[in-house]
Each structure stands twice: as structure tokens, then as C-alpha cells.
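Keep the viewer open and follow the points one at a time.

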Protein chains: 2
Amino acid sequence: MEKRPLILISNDDGITARGINHLVMAMKEIGEVVVVAPNKPQSGMGHAITIGQPIRLDKSTIFGDDVLAYECSGTPADCIKLAKHHVLKDRKPDLVVSGINHGSNSSISVIYSGTMSAAIEAAIEELPAIGFSLCDYGSQADFSHTQEYVQKIALQVLAKGLPKGVALNVNIPKKSDEKIKGIKIARQALGHWGEEFDERTDPHHRKYFWLTGYFVNKDNGEDTDEWALKHNYVSVVPCIFDLTAHFGLSELNQWNL
Amino acid sequence: MEKRPLILISNDDGITARGINHLVMAMKEIGEVVVVAPNKPQSGMGHAITIGQPIRLDKSTIFGDDVLAYECSGTPADCIKLAKHHVLKDRKPDLVVSGINHGSNSSISVIYSGTMSAAIEAAIEELPAIGFSLCDYGSQADFSHTQEYVQKIALQVLAKGLPKGVALNVNIPKKSDEKIKGIKIARQALGHWGEEFDERTDPHHRKYFWLTGYFVNKDNGEDTDEWALKHNYVSVVPCIFDLTAHFGLSELNQWNL
């Protein structure tokens, strides 16, 4: 019998979230699954790591006895680091998957996303990695249509690998009556969050703020993740961790520094 | 008299760190300064934002009566959002600077850096932005040689602007007997942190981990930030927030999805 691939799973909504349970179930059909996921929600943690305090790691039986699982007090990036250098220090995962996130991580949201930070941390460690997100923020979101796409993309990555230093950012449209049209390879749309701070006063007469916001798409391109999702396609954006603006190097080299 | 530029300052080491004080002093000679900085250390916070709890913002007189300053309970990215959408909602900064970080943010460290997340958040908001770091982690680090370079680069950005969507990642060598050779425009070196977790047992017999690590440079190029710093140049890397691996799009488009 062919050796089954080793698949490491994490997320940012925490180990009890419904999204990671769907991902574990989908990946168990493909390979051997190991989970290292945060023990609490870590949404919006970006690529944070835990430096100033210790990290806890405890075994979990939440996915049953046949899945080796740990809950971790750290961030999604910490989870991948602990998985690679401690839990799996003698084995190398064939694939790292993160999610399924409750909510979109398309366009600029990729940069704030804990889901994608786990995938990008894996890419830094030279492991093939995918972050999956469902464009539905509801805690009772319907994940039933995600399995087909999650498995299809994971199997392709296992078969073909990924370009060096690349992690995939996969967003899946919310379940609706219209059937999903397919999968589009896309670029990250140019957009930002138009922030509005909700200013309130606490019972002790001190002010505080809640971050609220609305996404603003500033990109009319038909090759973007936003376009794909709007037209009911699954979007797949290959992402890098080399932040160099290579196009800007020659302009800056003309400066008088 | 010509109008002085408005300069917004943040950091990730917190408002009481010596590095931000040096940055405020250097920027006060160039323009009008407004500070919104974290009220506690936020190193390694990456591009985290605060979603699940409210954010506090309190006036501070730490830089004297002529500097409008606020300390914020949130992350560096939160500070920039609150500055733009609340503190400076009727004024647009001419420049956003972050730092001076106690420690290097070269190569892959840019992705974990709170200092750079403030600069990149400003770039997302279409503001010219620079993150400054000193390659000296010591709390008593000598910043005396940084002012010349910080001012020179800030003045160039004020004069020439930056390519759209670009923030600068500036790293300054540690003070030494050898004079700094100059400023190099560079790309982000390919490298990663070789993690080692220091496993300990607490007084209650439970295990915990400290994240430790050593930087591994995997890049022999002479056009990188690591090369520049090693040869005693200040490195300047233009950074983007579009994470798309454009070079990977055509390969992925040949997949059977």
C-alpha cells in the first residue's frame, strides 16, 4: 500500500471552530492528519508570534482517537513553528493546510489573516501550504459545499507541489442556490478596509473604541480574487513572503542618498 | 513661511521605548509631529489588529507639551488606523514613520515586525511610510548615529514621494568604531528563523515552551539587505502589501482545477 501523505492542519478560529473540523474530515480521506491549532480565537492576528511569554501545548482528543491533535496557547504562526520543530521534529509534512476560516480572506484581508499566516509560515519553512476560507462569517455557516474544492486543490498541491516560497490563499463563495462555477487562479485585488471606529464610554466614564469597517475594492480587474468570488468562482491566489517591491528598486536607486 | 510637513509616528516597542524618543526628536526638526504608539511592547505582532476587544486611546505628555501624543492599547496597525480615522481625521499626514525599533527587521523578520506593520498599514492607506530599525536589541542601545540617516531618508521621501503601495524598510547597523559606509537600496534576503523551543516545566508540573531562534541567511546575493548590513551600510528595502506571487500565476493556470 502506498504511504499516505502526512497533512498538518491549523487555523485561526481555534481548535473548537466548525471550520477546522470540516477541514480535518476532508483531509482524513486523503492522508494522515496531525492538528496543532490555537486554543482560542486568533482572528486578525496577522503574522504575530509569541515572544514575551511562554507557550502552552496540550494534547486534544477533539477529533477522535485516530487524529493526533494539540491545542496551543500561541498564534497560528506559533502553531506551525511548534508543529515543525517539536511535534513533527522527526517527520516532514507533505502538506500544511489552514482553516477553513469563518469569513473571507480575499484581497487585503490576507495581510491581517491568522489563517494565511499559518500557511505563509509553512511556506517560509519550505512546506507546501494552503489557507482555506469560506466567505461566510456566521458561526453556523454551511460548509457542505467546501469539501469538493478543498480536496481537489489539496490533491493537486500534493501531486504537483508549489513554486518555491509560495502558499495558496483559497477563498470559497458562501453557499447559495447558484452552483459554484469553478476555480479561478487570481491575483490579490487592490482594496482596503475603510475603518470606522465606534466610540463609546464605559461605566467609569472612560472612552473606548471598537474597530469596525467595510471593505473597499479599488480594483476593476477581472483577474482578481474579488472578481472571481463576486462571480461565484473559488479564488486561488498564490502568495509570497518576499515583500520586496522589485518594481521600485530602480526608482529608489536614482535617489540622492 | 512654508508649511511644515505633518509627520505621524508610531512603533512597536511602546511609547516609552528609547527608540521612538529618538525618532520624535529627529522628526521634530523636520516637521510637526503627532504620535500614536502602543502603551506596551508589541514586538513580533506582525500585522495583527484588535477585533475581539475594545481599544483604549489616552493622551500622553511624554514628549513634552509641543507634541500631540497618544498611547494606545492596540497593536501598531491599530495605532495607524486610529490615527488616520480618529486623531487625524481632518488632516492627512505627509509622512508616517515607525520605530526606531530595538533590533533588526531585515530579511524575513519584516513579516513578524510590528514596526513594519505600522508602515505597511500606512501604505495601504496610501500614505508615504518608513519603518526604521537599529540592529541592536539592547535596551541601552546607542542611537546617536541613527539621526543622520533617519532624517536623510525621511527628507527624500517627503521630497519625492514613494511608488504607489510601497513602504520602506530601513535597517541601520549597530554603532561601532567603523563609520557607516552609506545607504544601499536592497531587496529582502531569503532567510528564515531556525526555531528552537526551550521546553521547561512550571512549578505545577505542567510543560511550557519559550520560542527561541537563530537567523539563517540562505541568500548569497550582494543586492540584499543582509549583505548591506553585514558590510556596514544602511539597508533600504521597498516593501509591498500585494502578496500575489505573480511569477506563479501561469504555472498554476496549467493545473487541472
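1. Let's begin in one strand of chain A. Ile100(A) sits in strand β5 of chain A, which covers residues 95-102. What kind of peptide bond leads from Gly99(A) to Ile100(A)? That bond is cis, and its omega is near -15°. It deserves a look, because most peptide bonds are trans.

2. Now turn to the other chain. Ile100(B) belongs to strand β5 of chain B, residues 95-102. Gly99(B) and Ile100(B) are likewise joined by a cis peptide bond, here with omega about -10°. Please remember while checking such details that this is a predicted model.

3. How do the two chains relate to each other? Chain A can be superposed on chain B by a rotation of 180° with 0.0 Å of shift along the axis, and the RMSD is 0.0 Å. This is therefore the relation of a two-fold axis.

4. The meeting of the chains comes next. In the interface, 64 residues of chain A are in contact with 64 residues of chain B. On the side of chain A that touches chain B, at least two residues each come from α2, α3, α4 (146-160), β8 (182-185), β9 (191-201), β10 (207-217), β11 and α6 (249-253). By class, the residues on that side of chain A are 37 nonpolar, 16 polar and eleven charged. Of the interface residues of chain A, 100% are also interface residues in chain B, so the copies meet through the same surface.

5. Helix α2 of chain A, residues 76-87, is worth a stop of its own. Is this helix mostly covered or mostly uncovered? It is mostly covered, with ten of its twelve residues buried. Among the buried residues of α2(A) are Pro76(A), Ala77(A), Asp78(A), Cys79(A) and Ile80(A).

6. Which residues does α2(A) use to meet α3(A)? On the α2(A) side they are Pro76(A), Ala77(A), Cys79(A), Ile80(A) and Lys81(A). On the α3(A) side they are Gly114(A), Thr115(A), Ser117(A), Ala118(A), Glu121(A) and Ala122(A). By class, this contact of α2(A) with α3(A) has six nonpolar, three polar and two charged residues. The two axes come within 7 Å and cross at roughly 30°. Angles under 35 degrees count as roughly parallel, so α2(A) and α3(A) are roughly parallel to each other. Their crossing is right-handed.

7. Helix α2 (residues 76-87) and helix α3 (residues 114-124) of chain B have axes that come within 7 Å and cross at roughly 30°. α2(B) and α3(B) are therefore roughly parallel to each other, and their crossing is right-handed. Pro76(B), Ala77(B), Cys79(B), Ile80(B) and Lys81(B) make the contact from α2(B), while Gly114(B), Thr115(B), Ser117(B), Ala118(B), Glu121(B) and Ala122(B) make it from α3(B). Six nonpolar, three polar and two charged residues form this contact of α2(B) with α3(B).

8. Two loop residues of chain A have a backbone angle to check. Most residues other than glycine have a negative phi. Glu126(A), not a glycine, has a positive phi of about 65°. Its place is the loop between α3 (114-124) and β6 (129-134) of chain A. Glu126(A) is partly exposed, with 13 other C-beta atoms within 10 Å. Asn232(A) also has a positive phi, near 70°, and lies in the loop between α5 (225-230) and β11 (233-240) of chain A. Asn232(A) counts as partly exposed, with 14 C-beta neighbours inside 10 Å.

9. Finally, two residues of chain B. Val67(B) is in the loop between β3 (57-60) and β4 (68-72) and counts as partly exposed, with 18 C-beta neighbours inside 10 Å. Leaving aside residues up to four places away in sequence, Val67(B) touches Val24(B), Val33(B) and Val35(B). The C-alpha atoms of Val67(B) and Ile108(B) are separated by 34 Å, with the residues 41 apart along the chain. Tyr214(B) lies in strand β10 (residues 207-217). Is Tyr214(B) buried or exposed? Tyr214(B) is exposed, because a residue with 12 or fewer other C-beta atoms within 10 Å counts as exposed and Tyr214(B) has 8. Tyr214(B) and Glu196(B) are 18 residues apart in sequence and 8.2 Å apart in space, C-alpha to C-alpha.

Definitions and conventions: Residues numbered from 1 in each chain as written. Chains lettered and ligands numbered in written order. Predicted model: local features only at pLDDT ≥ 70, side-chain atom pairs only at ≥ 80, totals over all residues. Axes fitted to C-alpha atoms, helices over the stretch in contact; angles between N-to-C directions. Helix = DSSP H or I, 4+ residues; strand = E, 2+ residues; numbered from the N terminus. Parallel < 35°, antiparallel > 145°, perpendicular 65-115°, else oblique. Left-handed = near helix turned anticlockwise from the far one by under 90°. Contact = placed C-beta atoms within 7 Å. Nonpolar A, V, L, I, M, F, W, Y, C, P; charged D, E, K, R; others polar. Least-squares fit on C-alpha atoms with pLDDT ≥ 70 in both. Buried ≥ 20, exposed ≤ 12 C-beta atoms within 10 Å, placed from the backbone.
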